[in-house]
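Q: I would like to learn how to read features in a model. Please take me through them one by one.

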Amino acid sequence: MFPNAMRTIADFQAFHRWLDEQKGWGPDLKLNMVLLAGEVGEVANELRNIFWRASLLEPEMGEEAAREAALAEYRENLGFELADCLAYIFKIANNAGIDLEAAYKAKMAKNVQRQWTAPPPGNHQ
Ligand SMILES: [Mg+2]
């Protein structure tokens, strides 16, 4: 089914190079960014469904049980939409020539050292 075991981030990137070739999907970064944004919206829609369902269940079940029940109903769909986002991230990394494992490790090393503070008013970074 898959051309490799997909155990590492490099494996996932290789899978997406293979899949793009199999499907004839091009390396258009702008298109893939638009498609990623669409998938982020689909994640938001699944979360909206979860919040809405939980609000309906809450009067009879209480807040925590309602949230868990709603999550159970939508967990598979939410997982699929998160997976779609990840797929486009792998594709964009591939098409931009980025070793995502190396980039991730380098950025997380920075984050470990970083101190987050509230930005001053007007700073929208
Ligand atoms: Mg999707």
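Q: Which helix holds lysine 91?
A: Helices are DSSP runs of H or I with at least four residues, numbered from the N terminus. Lysine 91 lies in helix H3, residues 63-95. The model is predicted: local features need pLDDT of at least 70, side-chain atom pairs count only at pLDDT 80 or more, and totals for chains, interfaces and linings use all residues. Residues are numbered from 1 along each chain as its sequence is written.

Q: Is lysine 91 buried or exposed?
A: Count the other C-beta atoms, placed from the backbone, within 10 Å of its own: 20 or more is buried, 12 or fewer is exposed, in between is partly exposed. Lysine 91 counts as buried because it has 24 such neighbours.

Q: Which residues does lysine 91 touch, leaving out those up to four places away in sequence?
A: Contact means C-beta atoms, placed from the backbone, within 7 Å. Lysine 91 touches His16, Asp20 and Asn32. Its C-alpha atom is also 8.0 Å from that of proline 27, 64 residues apart along the chain.

Q: How far does H1 reach from its first C-alpha to its last?
A: The expected span is 1.5 Å times one less than the number of residues. H1 covers residues 9-23 and reaches 21 Å, close to the 21 Å expected. Just after H1, glycine 24 takes a positive phi of about 75°.

How values were computed
Helix = DSSP H or I, 4+ residues; strand = E, 2+ residues; numbered from the N terminus. Contact = placed C-beta atoms within 7 Å.
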